[in-house]
Amino acid sequence: MKIIIIGAGQVGATLAENLASEDNDITVIDTDLTRLRELQDRLDIQTVEGSGSHPAVLSQAGCNDADMLIAVSNQDETNMIACQIAHTLFKTPTKIGRVRSSAYANYPELFVDSAIPMDVRISPEKEVTKHLSRLIRYPGALQVMEFAEGKVQLVVVKAEKGGPLIDQPISFLKEHMPSIQTRIAAIYRDGKSISPDGNTQIRANDEVFFLTAQRDVLDVMSEMRPLDVPYRRIIIAGGGNIGERLAQSLEKEYRVKIIERDPERCRYLSETLDNTIVLNGDASKQELLLEENIESTDVFCALTNNDEANIMSSMLAKVLGVRTVMTIINNPAYVDIVQEGMIDIAISPQQTTISSLLSYIRRGDVVNVHSMRKGAAEALEAVAHGDYRSSKVVGRSIANLNLPEGATIGAIVREDDMLVATSELVIQAEDHVIIFVTNKKQIPAVEQLFQVGLTFF
């Protein structure tokens, strides 16, 4: 596809990197020439200096024959106007825009063809909030991803001694839990991918990816590691958009406190939130954390827009005895460093946002995408259409599919039922097929597999 990306910040740059590696024709627009040069030095893409909301700049970028415009600049207004111009002047088929401010996002009637024609609105804050909420609801999980409207979840855990499956073959799981449908989709050991089969043994410190129904997540987790006590007390450092959204999503079930430095923002939060305690102060101050009983707090979430402040306050909270630390880190160079130390879970907003974007970009009827391991792997949910003649998958058993190397079908959702993938299982039309791909270079082959042709022999 020919794709124009407006914004060469963290999200735009990471998205360009993901898409350029898949043989798409990418052009990035930004007002910062230095950023554009850095991108062009690393990637096989085109760049245009200028404002993405100017018709002449969009024309220079080739908007007249682009398949898709993705506006992810830091300015909502630029993103909205770019989509309007792409629709009115260039008839661009698909327009995706980032809208961060609730001043716009709370009025969905604005985003129609007769007003601001944006086919898809994305909100990094909303995506990160959902990601954090799922992690808090499943203590001990490193990542929780939803498929088939929440019917199936892909969960990542680190195996620990004390779990019944440690040093046992995977086939033991079916014997031990015969009534639960689950499938181990992938294992990473010492940073390398292992394609699991029934004889593969789970070892302590393995990173295990498993699929199961939402109701069975904790039961399956308990096979890999001793279950953690459910979280109850949460402290959020930073009362920005993400902190506010997270508190709103948690305050009915958990005891939530927000620490925010700006007094005006504190007043707003105290008026907006119902059951959250709002504190005016600095989360990197030891005295404040001790006053708020950090040692008996279950989760400390550092959610400011300053990486260094997030890292320092998180490390202090961990030293003072908080159980789990979750930290937003925008700089990719920091993520690996901190996750090996005191920070339990480092969250990259750009990777979380890109997962939501990729489902609109993938070919075939791919309805859900989750990017994992810094974009090196993906889990996709594709819908099978057609019949035996027009489809490469419908009416065929999994054993007879021409799956590319590194791609594994983990499960199929048929109506409301999750079916664990076996070699004999035959795919039917309208099945939702969940595929784990450890090598992103194979994504186009997976997409092609689920494209319907006029005829297929």
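This is a predicted model: local features need pLDDT of at least 70, side-chain atom pairs count only at pLDDT 80 or more; totals for chains, interfaces and linings use all residues.
I began with pairing: two strands pair if DSSP finds at least two bridges between them.

Five strands form it, in the order β7-β8-β11-β9-β10. The sheet is open, and the pairing is antiparallel. β7 and β10 (192-194) each have a single partner strand, so one side of each has no neighbour in the sheet.

Then I checked helix α8, residues 217-224. Which of its residues are buried? I listed Val-217, Val-220, Met-221, Glu-223 and Met-224. Seen down the axis of α8, they fall within an arc of 150°, so they line one face of the helix. In an α-helix, residues three or four places apart point the same way, because there are 3.6 residues a turn.

I asked what the buried residues of α8 pack against. The partners are β7 (141-147), β8 (152-158), α7 (171-176), β9 (182-189) and β11 (207-213). α8 lies across β7, β8, β9 and β11, and runs at about 150° to β11.

Last, I looked at α9 (residues 241-250) and α10 (residues 263-272). Their axes come within 11 Å and cross at roughly 20°. The two helices are therefore roughly parallel to each other. Their crossing is right-handed. Asn-241, Glu-244 and Gln-248 of α9 make the contact with Arg-265, Tyr-268, Leu-269 and Thr-272 of α10.

Terms used
Residues are numbered from 1 along each chain as its sequence is written. Side-chain values use heavy atoms; hydrogens and water are left out. Buried means under 20% relative accessible area, exposed over 50%, partly exposed in between (1.4 Å probe, protein chains only). Helices (H or I, at least four residues) and strands (E, at least two) are DSSP runs, numbered from the N terminus. The arc is that of the directions from the helix axis to the C-beta atoms. Contact means heavy atoms within 4.5 Å. Axes are lines fitted to C-alpha atoms, for helices over the stretch in contact, and angles run from 0 to 180 degrees between N-to-C directions. Angles under 35 degrees count as roughly parallel, over 145 as roughly antiparallel, 65 to 115 as roughly perpendicular and the rest as oblique. A crossing is left-handed if the near helix is turned anticlockwise from the far one by less than a right angle, and right-handed if clockwise.
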